[in-house]
Every structure is written in structure tokens, then in C-alpha cells.
Amino acid sequence: QLQLVESGGGLVQPGGSLRLSCAASGSTFSYRAIGWFRQAPGKEREGVSCISSSGGSTNYADSVKGRFTISRDNAKNTVYLQMNSLKPEDTAIYYCAADKYLSRSMCVMSEPIYGNWGQGTQVTVSS
């Protein structure tokens, strides 16, 4: 059973940076696309970014393009989300999740295809 644990959240000033990590335990991690999602208070969960199993395909929400970068290290069973130029509207709980299907060549930020959700990590952007 694949288990995902997020870390790296915290309080940061506007314009600052954070790097989130999604660490996995389980043998199928390297065969699965991983997605990052976030949920702000009073709002629905939304897709932020995703990366294919090989790392060759990535996608970003328009709201984070040019500011966030997703990457993965399959040797360390970890996916990273580097977040730069953070804005107050980036404040949310950030979750990672794994594609339910193996070896998808592209990644898509469609929540229903993801499972094995982590517990989330809080990101707060405030002065």
C-alpha cells in the first residue's frame, strides 16, 4: 500500500519561498504520477501541479505557472514542490496524491484519478 507524507509547510512572508516534500513508502511510487492539490478555507480543493512517473511530463495551474516548480527523485521516493514568489492567496493546506494507474505517460490534474492522499501540510503566506 502506497503511503504519502507531506512536509515543508509553514509561515512565510509574501514574496518568500517554501519547498514542500511528498515522501512515499511503497514499491509502486516510481510508476505513478503524483499530484499536488491545495484547499484554502471555505474553498474547494484545487489542482496545483502534477508530474508523470518518469518526471518527463509536468502540468501547472495557471495561478502558479512561473512561480512553482514540481520535481521528483524516484531514488528517494520523493516529489518536491518548490514555491517561489508566494502570495497570500497561496495560503492553503497542500496535499499530495498518487495516480491510481501505473506508468501514465502524461499527468493530469483531475482529482478523481488520484488516491493515497497524504494528510496535508499547512502553508500560510502573510506579513
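## Buried residues, cores, ring pairs and disulfides

Asp 99 is buried, its relative accessible area being 0%. Buried stands for under 20% relative accessible area, exposed for over 50%, and partly exposed for values in between (1.4 Å probe, protein chains only). This is a predicted model, in which local features need pLDDT of at least 70, side-chain atom pairs count only at pLDDT 80 or more, and totals for chains, interfaces and linings use all residues. Residues are numbered from 1 along each chain as its sequence is written, and side-chain values use heavy atoms, with hydrogens and water left out.

Asp 99 belongs to strand E9. Helices (H or I, at least four residues) and strands (E, at least two) are DSSP runs, numbered from the N terminus. The side chains of Asp 99 and Arg 104 are joined by a polar contact of 2.5 Å. A polar contact is a pair of N or O atoms within 3.5 Å; within protein, one must be able to donate a hydrogen and the other to accept it, and residues adjacent in sequence count only if both atoms are side-chain atoms. Neighbours within four places in sequence left aside, Asp 99 is in contact (heavy atoms within 4.5 Å) with Arg 32, Ala 33, Arg 104, Ile 113 and Tyr 114.

Ala 40 is located in the loop between E4 and E5. Ala 40 is buried, with 18% relative accessible area. Residues up to four places away in sequence not counted, Ala 40 touches Thr 91 and Ala 92. From Ala 40 to Gly 8 the separation is 32 residues in sequence and 17 Å in space, C-alpha to C-alpha.

### Nonpolar cores

A nonpolar core is a set of buried Ala, Val, Leu, Ile, Met, Phe, Trp, Tyr and Cys residues joined through side-chain atoms within 4.5 Å. The largest one here has 27 residues, and those with the most contacts inside it are Ile 34, Trp 36, Phe 68, Val 79, Leu 81, Met 83 and Tyr 94. Two or more residues of this core come from each of strands E3 (18-25), E4 (34-39), E5 (46-51), E7 (68-73), E8 (78-83), E9 (92-99) and E11 (121-125). Another core, of seven residues, lies apart from it and includes Phe 37, Cys 107, Ile 113 and Tyr 114.

Which residues does Val 79 contact, leaving aside its neighbours within four places in sequence? They are Leu 20, Ser 21, Cys 22, Phe 29, Ile 34, Trp 36, Ile 51, Ile 70, Ser 71 and Arg 72.

### Aromatic rings

The whole structure holds three aromatic pairs. Rings of Phe, Tyr and Trp (its six-membered ring) pair if their centres lie within 6.5 Å; planes under 30 degrees apart count as stacked, over 60 as edge-to-face and the rest as tilted. Phe 37 and Tyr 114 make an edge-to-face pair, 5.2 Å centre to centre with 70 degrees between the planes. This pair links distant parts of the chain, with Phe 37 in strand E4 and Tyr 114 in strand E10 (residues 114-115), 77 residues apart. Phe 37 and Tyr 114 are both buried.

Phe 37 also forms a tilted pair with Trp 117, at 4.9 Å centre to centre and 55 degrees between the planes. Trp 117 is in the loop between E10 and E11 and Phe 37 in strand E4, so the pair ties together parts 80 residues apart in sequence. Phe 37 counts as buried because its relative accessibility is 2%, whereas Trp 117, at 27%, counts as partly exposed. Ring pairs join Phe 37, Tyr 95, Tyr 114 and Trp 117 in a cluster.

Two arginines lie over rings. Arg 45 is over the face of Trp 117, 3.8 Å from the ring centre. The charged end of Arg 72 is over the ring of Phe 29, at 4.6 Å from its centre. A charge sits over a ring if NZ of Lys or CZ of Arg is within 6 Å of the ring centre and within 35 degrees of the ring normal.

### Disulfides

A disulfide is a covalent bond between the sulfur atoms of two cysteines; the criterion is a pair of cysteine sulfur atoms within 2.5 Å. The whole structure contains two disulfides.

| Disulfide | S to S distance |
|---|---|
| Cys 22 and Cys 96 | 2.1 Å |
| Cys 50 and Cys 107 | 2.2 Å |

Cys 22 in strand E3 and Cys 96 in strand E9 are 74 residues apart, and their pair links distant parts of the chain. The link of Cys 22 and Cys 96 is right-handed, with 75 degrees about the S-S bond. Cys 22 is buried at 0% relative accessibility, and Cys 96 is buried with a relative accessible area of 0%.

For Cys 50 and Cys 107, the torsion about the S-S bond is about 75 degrees, so this disulfide is right-handed. Cys 50 is buried at 0% relative accessible area, and Cys 107 is buried at 2%. With the bonded cysteines of the protein chain numbered in sequence order, the pairing is 1-3, 2-4.
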